[in-house]
Amino acid sequence: MKKISTVFWWTAALVMAATVFGAAAPESFGAVTANVQGFITSAFGWYYLILVSVVVLFCLVLVFSPIGQIRLGQPGEKPEYSTATWFAMLFSAGMGIGLVFWGAAEPLSHYAISSPLSEPGTDAALRESLRYSFFHWGLHAWAIYAVVALALAYSQFRKGEPGLISRTLKPVLGKYAEGWIGTVIDVIAVFATVVGVATTLGFGAAQINGGLSYLFGVPVSFTVQLIIIAVVTVLFIMSALSGLGKGIKILSNANMVLAIVLLVLMLFLGPTMFILNMFTDTIGSYLQNIMQMSFQIAPLNEEHNSWINGWTIFYWAWWISWAPFVGVFIARVSRGRTVREFLIGVLLMPSLVSFFWFAVFGASAMNLQMEGAADLTQYATEEVLFAVFDELPLSQLLSVVAILLVSTFFITSADSATFVLGMQTTYGSLTPPNNVKVTWGIFQSLIAVVLLYSGGLQALQNAAIAAAFPFSVIMILMMVSLYKAFLLERKEMRKKDGRRPLT
């Protein structure tokens, strides 16, 4: 029987307190999360922009430095999973539901509702819409995941430490990483994970509800979303009990198949040439403007500053709140890869797929809006994708595939999270006991329900931003600690044999 750590009890108490508060006083709970979100975005927007830009730079430096040769495991150790399965697992856990939820809705919003810099509905807004979608879902997002995952994989598989966030800080904190300071760090990481995953589960439930409404006339309501979460909770707990090598692996590969089917169908049923041209043009625009977008906060323009707070800062906070979960999971499936191989795989491949995804779904939505075929701005965010399908051939088939894809992504994300949360609360065990995984599965679903009940999608966004802030400080310490450990290892290796490879 794996020993349950004090981190479990402290975090469980926090989650229960939040759940009870949200259920008993939903309006007050929604107001609290909104106030915290408002304070953080207005006072620390600059901090998020600088931090995430530094994270990207840190990853790029490691890719091109000799440190990239170091293997995340013992010398000569081979990767545990094939490259295709590895990519499918990290992608399903890292972005899944979000791509389906925002794929059409975000570019459409940037184009027709509230543009980053230009007048909505103009050609300039059209170009900006995809560029900022690429920006929000590209290198910056995956760099956040990569730093946390790299620190964990190196600490765990190279140095033999337990797979805990606190242990990655040992080069900086020393013995305190194993004391009460380490416990506080792990509690922050686990709580951020629960809230971050719950946010995504809420988005998933809302979109499944939206799809069922379009297909079968099911009403869009909290009650329906509650039933969806309950059903999917049972399914992902069943998957979690089957183990990492069965449930998550099988579902991750199923996700990729469904995602490819939906992507290909949409590419050829939608405005194909417009999609391909927009994709190509936006890649160049994204690379050309990446520095400006990375640091743009618009201090002299209140409208643009509000847009950045509502979109860019929200995304950076959301990715940070997900970083403990996705980082632990990516580290777990990345054993045996070199630092360079790991970073190139984590940064580039998911980013390119995300870019093409947004080009296909976003350009299709904007093309319909631009030509006047449909006014998509009248639909709720979770319904936009299905409204786009309704204007295309095979709309019923597309909607069914999309609902299946959201459902499998929902199950995979929650399934992966139960493993990660179990691992983090049983002293880093790679095989956490089922009772712990089931407990976390229920807790994250309860938080998702409470957030939807207390304020819908806005409450989900507010909670993600609030939970991410304390973990962002831990991320800074992780980068310092990781670089210090890498420099020390290089120095030791040179002493033994200056010509000896670092792998």
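Is K170 buried, exposed or partly exposed? With a relative accessibility of 27%, K170 counts as partly exposed, because the partly exposed class lies between buried, under 20% relative accessible area, and exposed, over 50%, as computed with a 1.4 Å probe on protein chains only. The model examined here is predicted, so that local features need pLDDT of at least 70 and side-chain atom pairs count only at pLDDT 80 or more, whereas totals for chains, interfaces and linings use all residues. Residues are numbered from 1 along each chain as its sequence is written, and side-chain values use heavy atoms, with hydrogens and water left out.

K170 takes part in salt bridges, a term that here denotes a side-chain nitrogen of Lys or Arg within 4 Å of a carboxyl oxygen of Asp or Glu. One of its partners is E161, with the closest N and O atoms 3.1 Å apart, and E161 is buried at 18% relative accessibility. K170 is also bridged to E178, where the closest N and O atoms are 2.7 Å apart, and E178 is partly exposed at 45% relative accessibility. Through salt bridges that share partners, E161, R167, K170 and E178 are joined into one network.

The structure holds nine salt bridges, among them one between the side chains of R158 and E489, with an N to O distance of 2.5 Å. This pair links distant parts of the chain, since R158 lies in helix 7 (residues 139-158) and E489 in helix 17 (residues 434-496), 331 residues apart; helices are DSSP runs of H or I of at least four residues, numbered from the N terminus. Both partners are classed by accessibility: R158 is buried, with a relative accessible area of 12%, and E489 is buried at 4%.

V339 belongs to helix 14 (residues 339-371) and has a relative accessible area of 0%, so V339 is buried. Contacts, defined as heavy atoms within 4.5 Å, connect V339 with I67, G68, I70, L72, L150 and F486 when residues up to four places away in sequence are not counted. The C-alpha atoms of V339 and Q69 are separated by 6.2 Å, although these residues are 270 residues apart along the chain. T418, in helix 16 (residues 395-424), is likewise buried at 0% relative accessibility, and its C-alpha atom is separated by 5.7 Å from that of W440, 22 residues apart along the chain.

The packing of helix 1 (residues 6-24) against helix 2 (residues 26-64) was described by their axes, which come within 5 Å and cross at roughly 120°. Axes are lines fitted to C-alpha atoms, for helices over the stretch in contact, and angles run from 0 to 180 degrees between N-to-C directions. The two helices are therefore oblique to each other, because angles under 35 degrees count as roughly parallel, over 145 as roughly antiparallel, 65 to 115 as roughly perpendicular and the rest as oblique. Helix 1 contributes A18, F21, G22, A23 and A24 to the contact, and helix 2 contributes P26, S28, F29 and V32.

Finally, the largest nonpolar core contains 171 residues, of which W102, I165, W318, F342, F361 and F471 touch the most other members. Such a core is a set of buried Ala, Val, Leu, Ile, Met, Phe, Trp, Tyr and Cys residues joined through side-chain atoms within 4.5 Å. Helix 17 gives the most to this core, with 22 residues.
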